[in-house]
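Here are my notes on the model you sent over.

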Amino acid sequence: MIQCDGLVKIYKTDDIEVVALQGLNIRVEPGEMMAIIGNSGSGKSTLLNILGGLDRPSAGQVRVGEWDLLKISDEQLVEYKRKTVGFIWQNNARNLLPYLSALENVEMPMMLSGKVDRAYAKQLLEWVGLKDRMRNKLQQLSGGEQQRVAIAISLANRPSLLLADEPTGSVDTETSDRIMGIFRQLNRELSLTIVIVTHDMSLASKVDRVVAIRDGMTSTEFVKRNPSLDLTAAGSGSGSIKDAHEEYVVLDRAGRLQVPRGYLEALGISGKASMEFEGDRIVIRAPKQIGAEQDH
């Protein structure tokens with residue numbers, strides 16, 4: 001569904017140039033529900049904006065389904081955003097029109113595409129648990145209810161890809177669990193591909209796969225140990241992501257990888273290191289320990 005190879009994004013002004021993505025590689029399979037994590041400034045939101053058609057890549061390759069987002073025209077980009085991708089913002093104000101009811105908000109993207117399907121709009125609001133609230137104006141809804149309206153809006157034009165930017169960042173734990181349950185239900189019943197950007201590790205532990213981005217590149221990846229395990233159940237977020245996922249470092253096509261910073265700091269490796277084969281392992285040693293028995 002998503003394929004990024006050597007993806008680069010550079011922001012330029014008159015006096016400064018910032019490289020937000022520097023050769024990022026990532027693949028997302030159709031029907032997958034995954035999360036992207038990273039510290040502020042790591043490039044995760046830049047990646048989401050590119051996938052959502054809100055920003056243009058500078059170089060590399062990025063495909064979503066049949067669309068080549070590096071070469072897409074402005075007219076095609078409008079069609080892509082209307083038909084292929086749905087977007088959920090952390091800030092409800094970017095999703096919702098306050099003077100409309102929940103139902104009218106869901107119908108608005110349909111209206112812009114030229115085809116209003118009220119029955120489907122009602123069905124979407126039922127899916128997110130707002131069957132009895134669809135006629136309410138936004139000021140009559142709680143923050144969690146407004147975020148569920150935003151989920152329904154993002155699905156109004158039947159996208160095949162759903163992107164969510166910190167979708168539970170402004171709600172309590174109970175509402176967060178409910179929203180994640182909705183995502184899982186949509187993922188299963190509609191075979192919807194869902195990509196969530198978050199810094200919340202407890203939320204990340206409730207998806208099938210987690211990709212960590214550091215310094216504009218993919219660094220490590222966590223894959224669920226037991227694919228049949230339902231991590232959206234109440235209380236499942238209490239453990240560490242490593243309790244339910246296996247951690248891997250990610251190699252790009254040139255064989256480059258980012259060793260997690262915590263590993264390097266714990267073992268005093270910086271600047272350069274020695275690397276060699278040892279049986280079926282690749283061993284990395286700090287310069288001061290080259291030739292010694294201790295290895296990392």
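1. Let's begin with W127. This is a predicted model, so take every value below as computed from it.

2. Now for the ring partner of W127. Y120 and W127 have ring centres 6.4 Å apart and planes at 90°, so they pair edge-to-face. The limit for pairing is 6.5 Å between centres, and planes over 60 degrees apart count as edge-to-face. Searching the whole structure turns up three aromatic pairs.

3. Is Y120 buried or exposed? Y120 counts as buried, with a relative accessibility of 9%. Y120 also has a charge over its ring: the charged end of R158 sits there, 3.7 Å from the ring centre. So have a look at Y120 with both W127 and R158 displayed.

4. There is another charge-over-ring arrangement to look at, this one on Y11. Which residue puts its charged end over that ring? It's K9, with its charged end 5.0 Å from the centre of the Y11 ring.

5. Together with I16 and V18, Y11 makes a nonpolar patch of about 250 Å². V18 belongs to strand β2, which covers residues 17–28.

6. Helix α1 is worth a separate look. It runs over residues 44–51 and is mostly covered, with six of its eight residues buried. Which ones are they? The buried residues are K44, T46, L47, L48, I50 and L51. Note that a lysine, K44, is on that list. Just after α1, G53 takes a positive phi of about 75°.

7. Finally, the whole protein. It has nine helices and 13 strands. Of its 296 residues, 47% are buried. The accessible surface comes to about 15,200 Å², and carbon and sulfur atoms account for 48% of that. As for contacts, take those between residues at least 6 apart in sequence: 63% of them join residues at least 24 apart.

Definitions and conventions: Residues are numbered from 1 along each chain as its sequence is written. This is a predicted model: local features need pLDDT of at least 70, side-chain atom pairs count only at pLDDT 80 or more; totals for chains, interfaces and linings use all residues. Side-chain values use heavy atoms; hydrogens and water are left out. Rings of Phe, Tyr and Trp (its six-membered ring) pair if their centres lie within 6.5 Å; planes under 30 degrees apart count as stacked, over 60 as edge-to-face and the rest as tilted. Buried means under 20% relative accessible area, exposed over 50%, partly exposed in between (1.4 Å probe, protein chains only). A charge sits over a ring if NZ of Lys or CZ of Arg is within 6 Å of the ring centre and within 35 degrees of the ring normal. Patches are made of residues with over 30% relative accessible area and no salt bridge: like charges are joined within 9 Å, nonpolar side chains (Val, Leu, Ile, Met, Phe, Trp, Tyr) within 5 Å. Accessible areas come from the Shrake-Rupley method with a 1.4 Å probe; for residues, only the protein chains shown count as cover. A salt bridge is a side-chain nitrogen of Lys or Arg within 4 Å of a carboxyl oxygen of Asp or Glu. Helices (H or I, at least four residues) and strands (E, at least two) are DSSP runs, numbered from the N terminus. Contact means heavy atoms within 4.5 Å.
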